[in-house]
Amino acid sequence: MFTKVLLFLAVVAGIVFFFKIKDKKSIEKQSDELVNAVEMKQDSVCGSFVEDTTKHKVKLNDKIYYFCSEECKNKFIEEHTK
Ligand SMILES: [Zn+2]
């Protein structure tokens, strides 16, 4: 029973890891202009600056928008999908 749980956890961890790599690669492909170091981007909802490595971002019309939080991201999506 315990071995089964461990095996299950290992599989889940493997899947999560795989998708993280896939996600990272596709983002790198999409944004050739964001090659090197961390760049600061402005959150268009609240105006604060965030690193472009943030996970709170959205791609819209081939442009990537960055946000300080999930809350700002959701606000942005809400406003642009009306
Ligand atoms: Zn914000």
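Q: Where does Asn-61 lie?
A: Strands are DSSP runs of E with at least two residues, helices are runs of H or I with at least four, and both are numbered from the N terminus. Asn-61 lies in the loop between β3 and β4. The model is a predicted one, in which local features need pLDDT of at least 70 and side-chain atom pairs count only at pLDDT 80 or more, while totals for chains, interfaces and linings use all residues. Residue numbers start from 1 along each chain as its sequence is written.

Q: How do the strands β3 and β4 pair?
A: Two strands pair if DSSP finds at least two bridges between them. Strand β3 covers residues 57-60 and strand β4 covers residues 63-66; they pair in the antiparallel sense over four bridges. Val-58, for example, has Tyr-65 in β4 as its bridge partner. The hairpin of β3 and β4 has two residues between the strands.

Q: What is the phi of Asn-61, and what is the phi of Asp-62?
A: Most residues other than glycine have a negative phi. Asn-61 has a positive phi near 50°. Asp-62, in the loop between β3 and β4, has a positive phi of about 65° although it is not a glycine.

Q: Is Asn-61 buried or exposed?
A: Count the other C-beta atoms within 10 Å of the residue's own, with C-beta atoms placed from the backbone: 20 or more means buried, 12 or fewer means exposed, and a count in between means partly exposed. Asn-61 counts as exposed because it has 6 C-beta neighbours inside 10 Å. Asp-62 is exposed too, with 7 other C-beta atoms within 10 Å.

Q: Why does Leu-60 count as exposed?
A: Leu-60, in strand β3, counts as exposed because it has 11 C-beta neighbours inside 10 Å.

Q: Which residues is Leu-60 in contact with, leaving aside its neighbours within four places in sequence?
A: Two residues are in contact if their C-beta atoms, placed from the backbone, lie within 7 Å. With those neighbours left aside, Leu-60 is in contact with Tyr-65 and His-80. Leu-60 and His-80 are 20 residues apart in sequence, and their C-alpha atoms are 9.0 Å apart in space.

Q: Why is Tyr-66 buried?
A: Tyr-66, found in strand β4, is buried because 23 other C-beta atoms lie within 10 Å. Not counting residues up to four places away in sequence, Tyr-66 touches Lys-41, Asp-43, Val-50, Asp-52, Thr-54, His-56 and Lys-57.

Q: Which residues form the largest nonpolar core?
A: A nonpolar core is a set of buried Ala, Val, Leu, Ile, Met, Phe, Trp, Tyr and Cys residues joined through C-beta atoms within 7 Å. The largest here has five residues: Tyr-65, Tyr-66, Phe-67, Cys-72 and Phe-76. The elements giving two or more residues to this core are β4 and α2, which spans 70-80. Outside four places in sequence, the residues that Phe-76 touches are Ser-44, Val-45, Val-58, Tyr-65 and Phe-67.

Q: What pattern does the protein chain follow along the sequence?
A: The protein chain has two helices and four strands, in the pattern α-β-β-β-β-α. Of its 82 residues, 9% are buried. Among contacts with a separation of 6 or more, 21% join residues 24 or more positions apart.
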